[in-house]
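Reader: I have some questions about the terms used for this model. Could you take me through them?

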Amino acid sequence: MTRPQRSNFARFWSLDEEVVFLNHGSFGACPNFVLDEQLKWRNRLELEPVRFFEREALPALKLSRQSLSTILKCDADDLALIDNATSGVNTILRSLVFERGDEILVPDHAYQACRNAIDFVAQRWGAKVVICSIPFPISGQSEVVDLLISKISNRTKLVMIDTVTSPTGLRMPFEELSKEFEQRGVEVLLDAAHGPGMVPLNLEKLGASYVTGNCHKWLCAPKGSAFLYVRKDLQDKIHPLCISHGATFPLGDTTRFRHEFDWTGTQDISSWCSLPEVITGMTKIGAGNWDSIMETNRSLALKGRTLIADSLGSEIPCPDEMIASIATIRISKETMGGIPIHEPDPLHDSLLDDYGVQVPVWGWPSPKGRYIRISAQLYNHLDEYKYLAEILSNLEL
């Protein structure tokens, strides 16, 4: 088969030209200008490490939080820069105090790593994990709201919801859910791993207690760049996973939250320092503003899933309103393999090794079957989804 065309924007990435990369959603991919920016910060750090950490690091991180706040629409002082969204979820869960019998509510589409953190903390405190089953295929966002609200009890203390679910690619009605739960006195932990640069966010308006998200995915920032947002009235009970000097620094004109999270130990902070250039850089390569980038990616994801579903005769599992820039499609009723990194589906390996297509393949229990999840980023082209659709239609699935 003829290799598919790439987007004109692909020239700004250094992705392997022999691979059709339809898996931005797993770990992201940095444009070259982002890698150049990170290298500048690394060189600046190593030029004079003591001066950098004593004089330059905190002002640089403040600028990064301020830049990020323009995307998240919140007070920059309510943000902490962290390594990844899983760390953010753990930070909140490990800081909170539960009583025996308290309930933590979570949908069954949650990211497994974060679900593991919930189970760990619940077992430690004697709390109960309540699972809400969300159907897939699903009729619409209102069905999600009704199902989750129906699971609230007088013991529900915390609910974790996603902006966009990782395994099933559903754009959740997190705005309405946050409002409904918080009004009922239930704190919301929003897992926005697929958030910044993928869906519009307004954290001040949202009102959720806690929000954590990755910058290395849809913002295309370097790996190891993420954020944790904690509402001002709750910051006194949230502490970083690593307790360091900030726990006892004199407050001065700042807050304990700032002191604790701004310095947790020596590390390479070049990924965080790169965020201002990351956020403005897409406009410099002619991609437009972030609203137009998100809509471009969403439109491509919708077209891509239609192509693949039509070629296989597969059902479209959710309405368009529940798609951002990833989409999951069932390709057969059989299941093979488990966790992609540790027990990959043989089809995933075959698509990469035999056809040069990087796309996740995994099993999902409801309904049972084998699924693929496509991603759409600026470097992708519709021809790449046509190429994958042709391959799948010729395989015995």
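Author: The buried residues of helix 14 pack against strand 1 (20-21), helix 12 (290-312), strand 9 (326-332), helix 13 (346-355), strand 10 (357-358) and strand 12 (368-375). Contact here means heavy atoms within 4.5 Å. This is a predicted model: local features need pLDDT of at least 70, side-chain atom pairs count only at pLDDT 80 or more, and totals for chains, interfaces and linings use all residues. Residues are numbered from 1 along each chain as its sequence is written, and side-chain values use heavy atoms, with hydrogens and water left out.

Reader: Which residues of helix 14 are called buried?

Author: They are Glu 384, Tyr 385, Tyr 387, Leu 388, Ala 389, Ile 391 and Leu 392. Buried means under 20% relative accessible area, with exposed over 50% and partly exposed in between (1.4 Å probe, protein chains only).

Reader: What makes residues 382-393 a helix, and why does the span of helix 14 agree?

Author: A helix is a DSSP run of H or I with at least four residues, a strand is a run of E with at least two, and both are numbered from the N terminus. Helix 14 has 12 residues. The expected span is 1.5 Å times one less than the number of residues.

Reader: How many cavities of 30 Å³ or more does the rule count?

Author: Two. On a 1 Å grid over the protein atoms alone, a cavity is a set of points where a 1.4 Å probe fits but cannot get out; a pocket is an open set with protein on both sides within 12 Å along at least five of seven lines; lining residues have an atom within 4 Å of a point. Points are joined across faces, edges and corners, and a volume is the space filled by probe spheres set on them. The largest cavity holds about 90 Å³.

Reader: What classes of residue line the largest cavity?

Author: Its lining has eight nonpolar, three polar and one charged residues. Ala, Val, Leu, Ile, Met, Phe, Trp, Tyr, Cys and Pro count as nonpolar, Asp, Glu, Lys and Arg as charged, and the others, Gly among them, as polar. Phe 53, Asp 262 and Gly 265 are among the lining residues. Helix 3 gives the most, with four residues.

Reader: Which element gives the largest share to the second largest pocket?

Author: Helix 3 again, with six residues. This pocket has a volume of about 470 Å³. Its lining has six nonpolar, four polar and eight charged residues.
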